[in-house]
Amino acid sequence: MVMTDILDVLVIGGGPVGACIAALLVRGAAGSATPFRVAVLEPKRPQMPLSDSPIDPRVVAVARSSERILEVAGAWAPPLGRVTPYERMRIWHESVSAASSRALVFDAADVGEPNLGYIVESRLLQAALLDAFVEGGGWIEPAQFVGLRIGAEYVNVDTSSGTLAARVVIGADGAQSAVRQAVGLTVESSDYRQTAIVATVATERSHEKTAWQRFMRDGTLAFLPLADGTSSIVWSADDSVASVLLAASPTDFALELDRASDWALGATRLISERASFPLRRLAAHRYVAQRVALIGDAAHVVHPLAGQGVNLGLLDAAALAQVLLDARREREDPGALRVLRQYERWRKSEVAFMSSAIDVFDRFLAHGTGPLARLAQHGLGWVNRSQELKRFFIGRALGIAGELPRAAQRPARIERRGGALS
Ligand SMILES: Cc1cc2nc3c(=O)[nH]c(=O)nc-3n(C[C@H](O)[C@H](O)[C@H](O)COP(=O)(O)OP(=O)(O)OC[C@H]3O[C@@H](n4cnc5c(N)ncnc54)[C@H](O)[C@@H]3O)c2cc1C
C-alpha cells in the first residue's frame, strides 16, 4: 500500500472492536471488482500467545452473537485449548448461599444450546482478529493517532509516522478516544467509584464450567472458568475496599476472596499478578460526524458486571460494517452523514437499553438497600422459577435479542480457518 493513496476506511485503534470491523470490511468486500482499501492504526499489536504460555488474567466472556461475528470475520475456530466454553451461570446475592433456591441458575441445556458463551483472553481475541484482517489483505500501521482534518471528500489523519487520507475514519481507540475528542463529540460520563480487580486463581473445588457471580453490598465478584481448571476473577469493589485488597499480600488477598465468595468454590490461591481498572460509565451523545464514526469503548463504556463491553462493541462493528458495505454496493458515499447516521440510530438505542439494565443490576443488587433492593434480591429467585423469564434473560446474555446485524445472525456453515482462535 502506498501511503499517498486515499484509503476507503482508516480504523484508529486495533483493539478487539477495531480489529473486528477491519476484518469484516476486507472480507465483506472480497471478490468485488474494486478492492476495499482498509488500514488499521495500532501502535501495540499483540502477538498470538504460544499454546503453552500461562493464560493472561485479562479475559472476556464472549456471547453467541460475538461467536457468529468472529466466525464471519475469519477469527474463530473450534474452541480448543485456550478458549473455554461455559455451560452455566450461577448468580446469587450475599443474603443467601450459592446453593440456595433463591440463587439464579442459567443452564445452556434449558434453551437447547451447547453453551452460554466462551471465556477468551482479550489479547488472543485481538491477535486473532488482526491476523484475520492481514490475511484478508488489510494493512496495519504501527503508529499513534495525532489529529485529523475533515474535508468534503476525505479526512486527513496525522499520525506519529506521517499523514494518511481516508474517506471514512472509524474511532475504535477505546474509552479515552483521542478521535472522539479531536472531532468534538461530547460524552456523558460518571464514576462508579469502584475498581475492578482481575487475577487468575486456583480453587479447591471444580468450577464445573460455570460462571459464578455473587452480588454484595460493596461490589460484585465473578469467577470465570478457564480450560486448565483455574478461574479468572473480576472483583468490582468499592474504591476503598479495592485499595485494601490491592495492597494485601497474596495470602491475605486469597483469604478475603474466600470470604467474599462465601467459599462457593472452596479455598482459593492467587496464581497471577492482580491488575486493576477504575470503573466509569460513558456514553457519547453522538456516535458519528461527517466521515467519522465511533465504535466500541470509544462510543460507550459499561460496567463489567454483565460481561457485555466487547460484545456490544462487536455488534457495533458488525452493524457499521454492514452499513458501509451496503452503501458501497449501492454506489453511495460511505462517509456521508446520512449513511453513518443509519449506524448511529441502530446501535445507540440498543446500547442505551443494555447499559441502563446493567446499571439497575449494579444499583439494586450490588449496592442497594431498602425495599427496591430487597425486591431485586428476591427477584433472582423468582426469575429462577420462571422458564419464560429465564429464556428472556438468556437471550439477552447470548446477545441474540434485539435488531441483529447480518453477521450476528446464525451463519451458514463456513470453512473454519487455521491460525485463528483455537
Ligand atoms: C475488568 C474488566 C472486565 C471486562 N470483562 C468483559 C467481559 O467479560 N466481556 C465483555 O464483553 N467485555 C468485558 N470488558 C469490557 C471490554 O474489555 C472492553 O469493552 C473492550 O476492551 C473494548 O474494546 P475496544 O476495542 O473498543 O477498546 P480497547 O480494548 O480499549 O482498544 C483500543 C485500542 O486503541 C488503541 N489506541 C488507543 N489510543 C490510540 C491512538 N491515539 N492511536 C492509535 N491507537 C490507539 C489501543 O492501543 C488499543 O489497542 C471488561 C472490562 C473490564 C475493565
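**Exercise 1.** Find which residue Val 60 stands opposite in β7, then work out the sheet around this pair.

*Solution.* Start with the residue itself: Val 60 faces Val 120 of β7. Strands here are DSSP runs of E, at least two residues long, and helices are runs of H or I, at least four, numbered from the N terminus. Next, the pairing: β3 and β7 (residues 117-121) run antiparallel over four bridges, where pairing takes at least two DSSP bridges between two strands. Now widen the view. Three strands make an open sheet, ordered β3-β7-β4, with antiparallel pairing. β3 and β4 (84-86) are the edge strands, each pairing on one side only. From one strand to the next, the twist averages 30°.

A word on the model before going on: it's a predicted one, where local features need pLDDT of at least 70 and side-chain atom pairs count only at pLDDT 80 or more, while totals for chains, interfaces and linings use all residues. Residue numbers start from 1 along each chain as its sequence is written.

**Exercise 2.** Describe how α1 (residues 16-28) packs on α7 (residues 309-329).

*Solution.* First, the geometry: the axes come within 9 Å and cross at roughly 30°. (Axes are lines fitted to C-alpha atoms, for helices over the stretch in contact; angles run from 0 to 180 degrees between N-to-C directions.) α1 and α7 are therefore roughly parallel, the label for angles under 35 degrees; over 145 is roughly antiparallel, 65 to 115 roughly perpendicular and the rest oblique. Then, who touches whom? α1 brings residues including Cys 20, Ile 21 and Leu 24, and α7 brings, among others, Gly 313, Ala 317 and Leu 324. (Contact puts C-beta atoms, placed from the backbone, within 7 Å.) By class, the contact residues are 14 nonpolar, two polar and one charged. (Nonpolar covers Ala, Val, Leu, Ile, Met, Phe, Trp, Tyr, Cys and Pro; charged covers Asp, Glu, Lys and Arg; the others, Gly among them, are polar.)

**Exercise 3.** Now do α2 (residues 64-72) against α7.

*Solution.* The angle is about 45°, with axes 9 Å apart, so α2 and α7 are oblique to each other. On the α2 side sit Ser 65, Ser 66 and Ile 69, meeting Val 310, Asn 311, Leu 314, Leu 315 and Ala 318 of α7. That gives five nonpolar, three polar and no charged residues.

Note on methods:
Two residues are in contact if their C-beta atoms, placed from the backbone, lie within 7 Å.
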